[in-house]
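Biologist: I am new to this structure. Could you show me how to read its main features?

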Amino acid sequence: MILSTVLFGRTYQFKSINEVMAKANEEKSGDVMAGIAAESAEERVAAKVVLANLTLEDLRNNPAIPYEQDEVTRIIQDSLNEKIYDSIKRWTVQELREKILDYNTTGNDVRRISRGLTSEMVAAVTKLMSNLDLITAGNKINVTAHCNTTIGLEGTLSARLQPNHPSDNEDGIVASILEGLAYGSGDAVIGLNPVDDTLESVKRMFHRLEEVKNKYAIPTQNSVLAHVTTQMQAIREGAPADLIFQSIAGSEKGNTAFGISGELIGEARELALREGTAAGPNVMYFETGQGAELSSNAHHGVDQLTLEARCYGFGKTYEPFLVNTVVGFIGPEYLYDSKQVIRAGLEDHFMGKLSGLPMGVDVCYTNHMKADQDDMEILSTLLAQAGVNFLITAPHGDDVMLNYQSLGYHEIQTLRELLQLKPIKEFEEWLRKMDVIDLSGRLTKQAGDASLFLV
Amino acid sequence: MVTNTELKTLIEKIVLEMAGESKAPEEKASKSEHAGSTNQAVSEEVLPDISEILIKKELLVPDPADEEGYLDMKDKTPARLGVWRSGARYMTSSALRFKADHAAAQDAVFSYVSEDFVKDNNLFPVATVCQDKDEYVTRPDLGRQFSDEVKEKIKAHCGSPKVQIVVGDGLSSASIEANLENTLPAIKQGLKLHGIDATNDLFIKHCRVPAMDVIGELTGADVVCLLVGERPGLVTAESMSAYIAYKPTVDMPEARRTVISNIHEGGTPPVEAGAHIAELIKKMIDKKASGLDLNKV
């Protein structure tokens with residue numbers, strides 16, 4: 001294992017793989033704040049050179065957080081397919097990159113390889129990829145999952161409909177749902193972030209979402225994004241839930257800060273399979289985002305990209321239906337501006353897919369970040385090209401409860417038209433039946449009028 | 001003497017005034033543009049302020065299936081519904097309104113509370129160690145630290161008060177300028193009723209919430225109350241919060257803070273919030289607790 005290189009005549013000596021990994025990252029304000037980022041552009045490249053020449057075996061044997069100390073590490077290491085790993089462990093990271101991009105490697109080949117990769121390997125290869133590499137490689141990997149419908153089939157682009165309300169007013173929530181349906185959003189999930197996270201409120205929200213879904217016979221799934229334990233209790237008390245949601249982290253300490261463990265998520269999945277309303281078998285919904293571990297002081301000196309990859313390594317054990325990074329929500333102290341958000345969005349999507357996850361992205365930003373709606377339109381177009389499973393949409397892109405901006409309902413339809421992508425088949429047929437889209441997939445004359453659903 | 005230009009202006013004015021009756025005012029206007037004198041065709045009129053349109057009342061769908069039902073739905077949420085479309089894209093008016101609201105939110109974050117405002121409200125100005133807004137938004141750890149020199153100034157100015165009121169710009173300078181002049185007097189008046197005098201108020205530039213803990217340690221105040229700008233959303237950029245704690249200390253658990261958020265004209269009205277804050281402060285002094293602990297005792 002070589003941790004040193006010469007670049008432009010200057011010698012760079014790194015102390016550990018973690019240092020190489022952190023310094024090989026594209027610049028992120030979170031890594032700078034953590035004091036682990038490269039100190040110069042040249043040092044960044046030197047770290048990439050060293051990383052390119054490490055073997056997958058080096059990375060397996062040096063997990064970001066030691067096996068004994070961290071449950072996430074253990075889950076990742078123990079779930080590896082040892083046969084596949086043995087066949088690729090002598091590859092360097094640069095060989096892995098080129099293997100993934102090679103014409104002769106099919107998407108299925110990549111899916112097979114990914115069974116032998118730890119999250120550190122997934123992160124490492126990402127650090128050697130340009131933005132267009134990430135789009136090209138991401139586009140190659142299709143990951144499907146089935147809850148009530150199948151997400152992720154080639155040629156589809158799905159959307160979460162996010163009808164949040166600042167005081168959980170049920171009629172207001174339904175209004176935002178109907179508006180979204182009138183533009184063709186909602187095939188991935190109708191997913192509500194409640195303000196009031198108490199059991200009674202969460203139960204009420206589950207029932208209301210189910211009522212809307214049944215009233216219009218919408219082929220989709222529902223989710224109320226409260227804490228996992230609250231959702232579990234709601235289900236035990238009869239609330240109709242298709243999916244169980246939880247935010248997850250890339251370290252055990254980070255998960256503890258979220259009030260979860262591997263065991264708890266396993267229990268939640270069992271419960272959803274036994275007492276949930278969905279067909280399954282994929283009944284979990286996870287959200288992630290670079291920087292979450294640093295914000296709860298659970299990063300162990302590891303860079304935010306590697307920790308994000310470890311979220312995916314942890315999450316895949318529970319065979320989720322949906323996973324999305326909430327890429328720009330965390331703020332400029334972790335992703336400084338639109339350049340960093342765009343990069344992170346492409347990285348997270350690729351890493352999710354390479355980890356075998358049905359990956360989506362909440363393309364978003366807060367108002368203290370140097371980004372705007374134009375930047376989100378750029379990132380969403382790139383992600384649709386990269387074959388992202390789903391994107392998050394809110395009315396006109398403005399989430400009036402979480403006070404940040406995502407994509408609007410209009411964006412999902414625009415992207416579908418532009419790139420000839422379709423919603424999930426059953427949902428597409430439903431949209432035709434409701435006269436929202438025509439046979440060519442375009443909006444009908446009356447689409448966009450939510451009051452259609454009132455008559 | 002009437003110059004050519006003045007004469008032209010005069011003629012154009014007359015033509016414009018006649019436009020109501022005349023059948024070809026547009027043709028005249030375009031002719032004058034070609035003559036290179038557009039500035040003289042500029043109307044005195046001002047376009048209406050698009051930020052004053054009530055989104056809840058504005059339905060842009062041209063021929064809705066159920067107009068009344070739609071307006072009812074819109075009435076239940078501040079979300080931007082019924083915005084309609086051109087092709088699959090937004091109407092120009094809703095896109096411009098979105099941009100205007102985002103501009104207000106960004107300006108609220110990246111602008112400063114004016115020095116005059118600080119002076120007029122008798123606030124003693126200090127700053128954390130952040131060098132500028134950029135460092136402020138990227139380094140939350142620095143927005144809670146003061147230099148030794150500033151610490152001495154704070155001690156000298158505040159003395160040892162029972163209640164220390166602190167105002168911080170936080171993530172919305174606009175929220176401070178919009179609400180403080182209503183909230184601050186209401187707090188003081190409320191405290192006075194209980195015989196508590198709060199004077200020597202501080203203003204902290206580049207302020208994060210935990211900066212109040214340092215103030216707590218420097219002054220030894222029983223209660224520190226921080227009025228600070230919230231991260232703005234598009235619905236309002238003027239929302240302010242009050243963080244109040246009994247004898248706050250650096251690195252104390254967050255659960256020891258009591259928070260009143262959403263203080264603005266469309267949320268908790270600023271005067272009402274001030275009165276409520278004064279009552280909370282009194283309760284904290286009596287119970288010697290704040291945050292979750294206050295609910296227990």
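Modeller: We will go through the chains, a sheet, its helices and a few single residues. Keep in mind that this is a predicted model.

Biologist: Where should I start with chain B?

Modeller: Start with an inventory of helices and strands. Chain B has 11 helices and six strands. Its length is 297 residues, and 40% of them are buried.

Biologist: In chain B, what share of the contacts with a separation of 6 or more joins residues 24 or more positions apart?

Modeller: That share is 68% in chain B.

Biologist: How do I read the sheet?

Modeller: In chain B the order is β1-β3-β2-β4-β5-β6, in an open sheet of six strands with mixed pairing. At the edges are β1 (124–127) and β6 (258–263) of chain B, each pairing on one side only. From one strand to the next, the twist averages 20 degrees.

Biologist: Which way do β1(B) and β3(B) run, parallel or antiparallel?

Modeller: They run parallel, joined by four bridges. B:V126 stands opposite B:I204 of β3(B) there. On to the next pair: β2(B) and β3(B) are also parallel, with three bridges between them. B:I204 in β3(B) turns up here too, as the bridge partner of B:G168.

Biologist: And β4(B) with β5(B): how many bridges join them?

Modeller: Seven bridges join β4 (residues 223–229) to β5 (residues 240–246) in chain B, and these two strands run antiparallel. One opposite pair is B:C225 with B:I244 of β5(B).

Biologist: What should I know about side chains along a strand?

Modeller: Here is the general idea. In a regular strand, side chains alternate between the two faces of the sheet.

Biologist: Which helices lie on the sheet?

Modeller: Look for contacts between helix and strands, then read the angle. Helix α9 (residues 211–219) of chain B lies across β2 (163–168), β3 (202–205), β4 and β5 of chain B. Its direction is at about 150 degrees to β2(B). Helix α10 (residues 270–287) of chain B packs on the sheet as well, touching β2, β4, β5 and β6 of chain B. The direction of α10(B) makes about 10 degrees with that of β5(B).

Biologist: What hand does the unit of β2(B), α8(B) and β3(B) have?

Modeller: Follow the path from strand through helix to strand. These three elements make a right-handed β-α-β unit.

Biologist: How do I describe two helices that pack together?

Modeller: Give the angle, the distance and the hand. Helix α8 (residues 173–193) of chain B packs with α10(B) at an angle of about 35 degrees, and their axes are 7 Å apart. The crossing of α8(B) and α10(B) is right-handed. Residues of α8(B) in this contact include B:N179, B:L184 and B:I187, while α10(B) brings B:P270, B:A273 and B:I277, among others. By class, the contact of α8(B) with α10(B) has 11 nonpolar, five polar and one charged residues.

Biologist: Is B:N179 buried or exposed?

Modeller: Count the C-beta neighbours. B:N179 is buried because 26 lie inside 10 Å, and 20 or more is the cut-off. This residue sits in helix α8 of chain B.

Biologist: Which residues touch B:N179, leaving aside neighbours within four places in sequence?

Modeller: They are B:E238, B:M240, B:I263, B:H264 and B:P270. For a distance along the fold, take B:A273: 94 residues separate it from B:N179 in the chain, and their C-alpha atoms are 10.0 Å apart.

Biologist: Which backbone details deserve a look?

Modeller: B:N122 is not a glycine, yet has a positive phi of about 55 degrees. Its place is the loop between α5 (115–120) and β1 of chain B. With 11 other C-beta atoms within 10 Å, B:N122 is exposed. B:K288, another residue other than glycine, has a positive phi near 55 degrees. It is in the loop between α10 and α11 (292–296) of chain B. B:K288 is partly exposed, with 13 other C-beta atoms within 10 Å.

Biologist: What about omega?

Modeller: Turn to chain A. The peptide bond from A:G280 to A:P281 is cis, with omega near 10 degrees. A:P281 lies in the loop between α15 (262–275) and β9 (284–288) of chain A.

Biologist: How many residues of each chain are in contact with the other?

Modeller: There are 36 in chain A and 37 in chain B. On the chain A side, α2 (29–33), α11 (170–181) and α20 (409–419) each give two or more residues. The most come from α11(A), with five. By class, this side of chain A has 12 nonpolar, 17 polar and seven charged residues.

Methods. Residues numbered from 1 in each chain as written. Chains lettered and ligands numbered in written order. Predicted model: local features only at pLDDT ≥ 70, side-chain atom pairs only at ≥ 80, totals over all residues. Contact = placed C-beta atoms within 7 Å. Nonpolar A, V, L, I, M, F, W, Y, C, P; charged D, E, K, R; others polar. Pairing = 2+ DSSP bridges. Axes fitted to C-alpha atoms, helices over the stretch in contact; angles between N-to-C directions. Left-handed = near helix turned anticlockwise from the far one by under 90°. Right-handed = clockwise from strand over helix to strand, strands pointing away. Buried ≥ 20, exposed ≤ 12 C-beta atoms within 10 Å, placed from the backbone.
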